[in-house]
Protein chains: 2
Amino acid sequence: MHRTLPVASSPVRDLLALTSRPEVISFAGGLPAPELFDQDGLRAAYDLALRDRSVLQYAPTEGNPVLRSLISDRLTARGLPTSDVLITTGSQQALALVATALLEPGAVVAVEEPTYLAALQCFQMAGARIVPVAADAEGMDISALRSVVASSRPSMLYLVPTFANPTGRTLSSSRRAEIAALASEHGFWVVEDDPYSELRYRGSPVAPLASISDRTIYLGSFSKIGAPGMRLGWLRAPASLLRTLTIVKQAADLHTSTVDQAACAAYLTHNDLDAHVARLRAAYGERRSAMVAALPGAFPAGTTWTDPDGGMFVWLRLPGSADSAELLKEALTHDVAFVPGAPFYAVTPDHATLRMSFTSNTPAEIAEGMARLAKVFW
Amino acid sequence: MHRTLPVASSPVRDLLALTSRPEVISFAGGLPAPELFDQDGLRAAYDLALRDRSVLQYAPTEGNPVLRSLISDRLTARGLPTSDVLITTGSQQALALVATALLEPGAVVAVEEPTYLAALQCFQMAGARIVPVAADAEGMDISALRSVVASSRPSMLYLVPTFANPTGRTLSSSRRAEIAALASEHGFWVVEDDPYSELRYRGSPVAPLASISDRTIYLGSFSKIGAPGMRLGWLRAPASLLRTLTIVKQAADLHTSTVDQAACAAYLTHNDLDAHVARLRAAYGERRSAMVAALPGAFPAGTTWTDPDGGMFVWLRLPGSADSAELLKEALTHDVAFVPGAPFYAVTPDHATLRMSFTSNTPAEIAEGMARLAKVFW
């Protein structure tokens, strides 16, 4: 009776469970650093919002008008002219809404390989067929995408173009332009999942795909720059599609928490989010450098890794036919953890890959964790 | 490219828009009374919860363990032995998860006619075929259900058995037993949507279907007894199905707001929800009586209505071939509103029906609103 659900659907949950032993230094999660949350500012924002009892009532599906306007203005200021957004219960919900609205069973979704695994789950649950597209240091390979478009006629292309999960890579400007042209020519939708782009530690911003392609659905999130517990994301799309997605959201949860939305609006009104993001960038940039510097001493010769300009992740490949899932078991005996790379592949996993997150540990903890990892490969 | 979406999918939203003019006395919404929210208690609960910065972090999909335990204990104390629940983003999300997990396109869902229209939207969006079952003053007609089961082989039966939306009716104990027997015999799931049962103004509680049938998925909500803006619902189901629904929820929004869940747990720990519900019952019971007493003077002879023991709604049928949607336009010229009944029908609407909510207006406002309605029928 149950709809067929993806078998590999709970690796994130299983992995989060691994990291809960307090003695483990975990590079496995994709968690922001809790000590950097602006707890005082957010607590004051909730208190301010709750002076108005209407924040306890039902609310429009589209979301809090003040919050929508603040987010639209912020996107516009960052170079993405935006007149309106749909507020979602985290950007995970935005992915689910897009899958429900746009994917018929059997529809083809092209994805970068490897990619964010909870996106794969969404597309699989909608009955879509996922077709992977190869990538290199500059992001998705355009000739590989061309041949997938020709052979599989995707109705959607899913990308985390800036500081990708899991690889940390950024799609170059010239490739963005080529993808925009392909989307326009072939009429597929581009889903630009962009939770990380504000977390840049070096180099210059790259314009979002949504700023050069009107076939793009742009997903943003408060989770990495604010606090994920508030479950606040947003979706920018052409107006007619935004209306359709609003109807789909109504059936999904009527609307996102009125309280969380009002608190976020109060926070953005009375605090300097840019200053907070600057603090995050300073701390995370230091952590990134600490991890990258320690990699050569921790992993065996022949290991390769990405060198991300921002975001949360370094992606590694061990030499030869190593199995990172087996190595994780040994790493856990040394009280250190990472994520095996296989679940991030839609089709053919490379078991020698793994993902390391540098955001939720201090440089000192990173040094200790990398020393523990070195023992695994001794 | 868009999946076919139900055409009648936005009547709730359109109708909510009608009620926003401040001079309108609206009986249209299904809103709890904002002046009865325990604003101070909830504000204190958020402040207490936000002393712990972990409420700003990602959290398990299943929900806050303290909250799950408090809700399970409360259900058990009310006569429904419960070992665990899944926390959902309002009980609307629970409906969407159930539809995603259990309904293949073309599956048949049997529903009471008329019924909650956002449930119809969920089932339609999952590609299900909805088959209505007639009802009378005691709720769903069992012989009508038997013939639907025989002819259409539903995989699911959806019910609001206690103080139904839109009719206010309650399914009798004996009929509940017959439905439990039918579900067991024919192997369909019963979805018992129960947001209103604590709002009883007279008579004795009727045991939930879930307490007599292990084929039942039970949905509860904080929206009517606490505050809907927090978007907190819960789902009780057999353990294996609960695991499946947790996987579906992970793809839908990862988890419900950590902040709202922690605040609700703090509220339930430090406040007496039963005492708050008793205050709601006293106020709403008075409003119910005010509305029912005024009906004969407001509506034309030959109008019939339900006489609910609890909940939020009275359901009316005008005599002959009246069209309540046309009458609503005239009612709005007198600054009073109700909901036309047609959208609550899955298949063949009765345009002479309408729904009136008595919860969000005081007895004095109800008297004034009913006097305005009387002018419509002058």
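Predicted model: local features only at pLDDT ≥ 70, side-chain atom pairs only at ≥ 80, totals over all residues.
Me: How is the size of an interface often given?

Reply: It is often given as the accessible area lost when the parts come together. Here, chain B and chain A bury about 6200 Å² between them, and carbon and sulfur atoms account for 56% of that area.

Me: And how many residues does each chain bring to the contact?

Reply: Chain A brings 71 residues, and chain B brings 72.

Me: Let's turn to charges. How many salt bridges are there between chain B and chain A?

Reply: The count is 2. In one salt bridge, the side chain of Arg43(B) meets that of Asp47(A), with 3.0 Å from N to O.

Me: What about polar contacts across the interface?

Reply: The rule finds 31 residue pairs in polar contact between chain B and chain A, with both residues at pLDDT 80 or more.

Me: Which helices of chain B supply at least two residues each to the side that touches chain A?

Reply: They are H1 (11-18), H2 (39-49), H4 (90-102), H5 (117-125), H8 (239-253) and H9 (258-270) of chain B. H8(B) gives the most, with 9 residues. By class, the residues on this side of chain B divide into 34 nonpolar, 24 polar and 14 charged.

Me: Now for helix packing. At what angle do H4(B) and H8(B) pack?

Reply: Here the general idea is to look at the angle first, since 65 to 115 degrees counts as roughly perpendicular. H4(B) and H8(B) pack at about 110°, their axes 9 Å apart, so they are roughly perpendicular to each other.

Me: Which residues make that contact?

Reply: From H4(B) come Gln93(B), Leu97(B), Val98(B), Thr100(B), Ala101(B) and Leu102(B). The residues from H8(B) are Leu241(B), Thr244(B), Leu245(B), Val248(B), Lys249(B), Ala252(B) and Asp253(B). The contact of H4(B) with H8(B) has 8 nonpolar, 3 polar and 2 charged residues.

Me: How do the axes of H8(A) and H4(B) cross?

Reply: The axis of H8(A), residues 239-253 of chain A, comes within 5 Å of the axis of H4(B), and the two cross at roughly 100°. H8(A) and H4(B) are therefore roughly perpendicular to each other.

Me: Which residues of H8(A) and H4(B) make the contact?

Reply: H8(A) provides Gln250(A), Ala251(A), Ala252(A) and Asp253(A), while H4(B) provides Gln92(B), Gln93(B) and Ala96(B). The contact of H8(A) with H4(B) has 3 nonpolar, 3 polar and 1 charged residues. Gln93(B) is one of the residues in this contact, and Gln93(B) is also in the contact of H4(B) with H8(B).

Key
Residues numbered from 1 in each chain as written. Chains lettered and ligands numbered in written order. Heavy atoms only, no water. Contact = heavy atoms within 4.5 Å. Buried area = accessible area lost by both parts, 1.4 Å probe. Salt bridge = Lys/Arg side-chain N within 4 Å of Asp/Glu carboxyl O. Polar contact = N/O pair within 3.5 Å; in protein donor to acceptor, adjacent residues only side chain to side chain. Helix = DSSP H or I, 4+ residues; strand = E, 2+ residues; numbered from the N terminus. Nonpolar A, V, L, I, M, F, W, Y, C, P; charged D, E, K, R; others polar. Axes fitted to C-alpha atoms, helices over the stretch in contact; angles between N-to-C directions. Parallel < 35°, antiparallel > 145°, perpendicular 65-115°, else oblique.
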